[in-house]
Amino acid sequence: MKVYIVIILQFIIWSGYTLIEWLSKHDQLIYKVIMFFVFFYLALMLGNYVTKSLRKTLFITALSLVIYTSIHYTLALFVQ
């Protein structure tokens, strides 16, 4: 059950990152990369707080990022 909670919370974090990236579309690439690492760190810390396992947290974070990115780009293909 903890894994599902972490995945849902990380989807919320990735959605927040997407929203903030959309709002800052005129920023330079370096600032977007720094912002991504801040959100990635936030997702890792949240996952580690809930699961209490670094190995499981890294796996869940990578999995949620891959799933969210694939959903995001798939929906972008259908909208455009």
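**View 1. Packing of helix 1 against its neighbours.** The buried residues of helix 1 pack against helix 2 (29-51) and helix 3, where buried means under 20% relative accessible area and exposed over 50%, with a 1.4 Å probe and protein chains only, and helices (H or I, at least four residues) are DSSP runs numbered from the N terminus. This is a predicted model, in which local features need pLDDT of at least 70 and side-chain atom pairs count only at pLDDT 80 or more, while totals for chains, interfaces and linings use all residues. Residues are numbered from 1 along each chain as its sequence is written, and side-chain values use heavy atoms, with hydrogens and water left out.

View 2. V6, I7, Q10, I13, W14, Y17 and T18 are buried in helix 1. They cover an arc of only 145 degrees around the axis, taken from the directions from the helix axis to the C-beta atoms, which puts them on the same side of helix 1. On the other side of this helix, Y4, I8, I12, W22 and L23 are exposed.

**View 3. The largest nonpolar core.** I13, W14, Y17, M35, F39, A43, L65 and Y68 are the eight residues of this core, a set of buried Ala, Val, Leu, Ile, Met, Phe, Trp, Tyr and Cys residues joined through side-chain atoms within 4.5 Å. Helix 1, helix 2 and helix 3 each supply at least two of its residues.

**View 4. Surroundings of T57.** T57, which is found in helix 3 (residues 54-79), is buried, with a relative accessible area of 2%. Leaving aside residues up to four places away in sequence, T57 touches L44, G47, N48 and T51, contact meaning heavy atoms within 4.5 Å.
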